[in-house]
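Dear colleague,

Please find below the structure that I am handing over to you. My notes on what was found in it follow directly after.

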Amino acid sequence: SGAAIVSEDASKEPVNYDHMVALHALEVLMQGYRLPDVFNQFLVKPWMNIANTLLELNGVLSDTWVRMLWFTRTVCNSISASITSRDPEPLEKALHTFMIWLQVCNQETGSLDLELVAAQQLCNRLRTQLLVDLGGNDFSEVINAVPAPGASEAATPRAELKPLNESLIQLEEELLS
């Protein structure tokens, strides 16, 4: 009755305890920030799914995993800072930098397309929730900031997209500031 059903393929896969320990440590890290429950709900599953994919692709000792931990702290800190200061800018800046980094990771591996869509949806939900918490009524900027999931690339003129080298320069500047 309470037993988990595991496919034959899954039961043959060795359990990667390093990954399980790393993901548990990430969960503990996020819980340590004591963010409002609604933000925790947004972070726990979608954020953890993105983290898990990066962990599986790169490993516990990779620079990518270290950066994912750093971004987790940064996003959690920026949520707290935005709520405390009643200013959405810290969260906006952290999410923007995270998305640039994730896009760069995807260009290197080509295997994060689904994670990019999930991350963009998560960023939009976090922005909207912050505006709700801050009592703002103007959601037009949040809604118009990113095309809806499933919108074709053809709908976005190429002239509006930043070249990668500009994005990388901006990412470096934001990371160093």
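This is a predicted model: local features need pLDDT of at least 70, side-chain atom pairs count only at pLDDT 80 or more; totals for chains, interfaces and linings use all residues.

Which residues are buried in helix 4? In helix 4, the buried residues are T64, W65, M68, F71, T72, V75, C76, S78, I79 and S82. Here, buried means under 20% relative accessible area, exposed means over 50%, and partly exposed lies in between, with a 1.4 Å probe and protein chains only. Helices are DSSP runs of H or I with at least four residues, strands are runs of E with at least two, and both are numbered from the N terminus.

Residues are numbered from 1 along each chain as its sequence is written, and side-chain values use heavy atoms, with hydrogens and water left out.

The overall picture is as follows. The protein chain has 8 helices and 0 strands, and its elements run α-α-α-α-α-α-α-α from the N terminus on. The chain has 177 residues, of which 34% count as buried. Its accessible surface (Shrake-Rupley method, 1.4 Å probe; for residues, only the protein chains shown count as cover) is about 11100 Å², and carbon and sulfur atoms hold 55% of that area. A contact means heavy atoms within 4.5 Å. Among contacts with a separation of 6 or more, 66% join residues 24 or more positions apart.

Helix 4 covers residues 63-85, 23 residues in total, and spans 32 Å from its first C-alpha to its last, close to the 33 Å expected at 1.5 Å a residue; the expected span is 1.5 Å times one less than the number of residues. After helix 4 comes R86, with a positive phi near 55 degrees.

Helix 5 (residues 89-109) has 21 residues and reaches 30 Å between its first and last C-alpha, close to the expected 30 Å. Its buried residues include L91, F98, W101 and C105. G110 follows helix 5 and has a positive phi, near 70 degrees.

C105 counts as buried because its relative accessibility is 8%, and C123 because its value is 1%. With a disulfide taken as a pair of cysteine sulfur atoms within 2.5 Å, the count is 0.

Finally, H19 lies in helix 2 (residues 17-31). H19 is buried, because its relative accessible area is 14%. Leaving aside neighbours within four places in sequence, H19 is in contact with L55, E56, G59 and V60.

With kind regards
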